[in-house]
Amino acid sequence: MKYLFRCLYAAKMTYKVEIDKKVRKYLDKQSDQYVRKFYEKIQLLRKDPLTPYIDTKKLIWVKNGWRLRIWKIRYLYILDHEEILIYFYDANNRGDIYKK
């Protein structure tokens with residue numbers, strides 16, 4: 001049984017990450033510390049997007065939508081299991097991200 005579990009885990013693919021132009025612009029305005037932390041979290045998300053060690057939360061109003069929290073900044077993304085894709089589409093401060 002342990003061997004089967006290891007084989008299944010090893011066969012698991014990493015997710016592809018796409019970042020929208022809006023998020024890239026937002027990251028350009030941030031300090032290097034924020035950007036470095038963002039890319040560290042992306043690497044963890046690529047390996048296992050449902051890990052409990054990253055501060056993520058499911059969004060109710062967006063199908064397959066999730067929120068990633070890094071300090072006071074919120075990043076919104078869509079998790080597509082079929083295409084093995086994580087698409088970041090919005091980023092802003094915690095009070096402004098949900099005002100639309």
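Guide: The N-terminal end of helix 2 is capped by Asp-20, a side-chain oxygen of which lies 3.2 Å from the backbone nitrogen of Lys-22. This is a predicted model, in which local features need pLDDT of at least 70 and side-chain atom pairs count only at pLDDT 80 or more, while totals for chains, interfaces and linings use all residues. Residues are numbered from 1 along each chain as its sequence is written, and side-chain values use heavy atoms, with hydrogens and water left out.

Visitor: What makes residues 21-29 helix 2?

Guide: Helices are DSSP runs (H or I, at least four residues) and strands are likewise DSSP runs (E, at least two), numbered from the N terminus. Helix 2 comprises residues 21-29.

Visitor: Which residues of helix 2 are buried?

Guide: They are Val-23, Tyr-26 and Leu-27; buried means under 20% relative accessible area, exposed over 50%, and partly exposed in between (1.4 Å probe, protein chains only).

Visitor: Why is the pair Lys-16 and Glu-18 called a salt bridge?

Guide: The term requires a side-chain nitrogen of Lys or Arg within 4 Å of a carboxyl oxygen of Asp or Glu. The N to O distance for Lys-16 and Glu-18 is 3.6 Å, so the pair qualifies. A search of the whole structure finds four salt bridges.

Visitor: What does the salt bridge of Arg-67 and Asp-55 tie together?

Guide: The side chains of Arg-67 and Asp-55 meet at 3.6 Å, N to O. Arg-67 lies in strand 3 (residues 65-70) and Asp-55 in the loop between helix 3 (32-47) and strand 2 (56-58), so the pair ties together parts that are 12 residues apart in sequence.

Visitor: Why is Arg-67 called buried?

Guide: Its relative accessibility is 10%, so Arg-67 counts as buried. Asp-55, with a relative accessible area of 28%, is partly exposed.

Visitor: What joins Asp-55, Arg-67 and Arg-69 into one network?

Guide: Arg-69 also forms a salt bridge with Asp-55, with the closest N and O atoms 2.3 Å apart. Salt bridges that share partners join Asp-55, Arg-67 and Arg-69 into one network.

Technical notes. A polar contact is a pair of N or O atoms within 3.5 Å; within protein, one must be able to donate a hydrogen and the other to accept it, and residues adjacent in sequence count only if both atoms are side-chain atoms.
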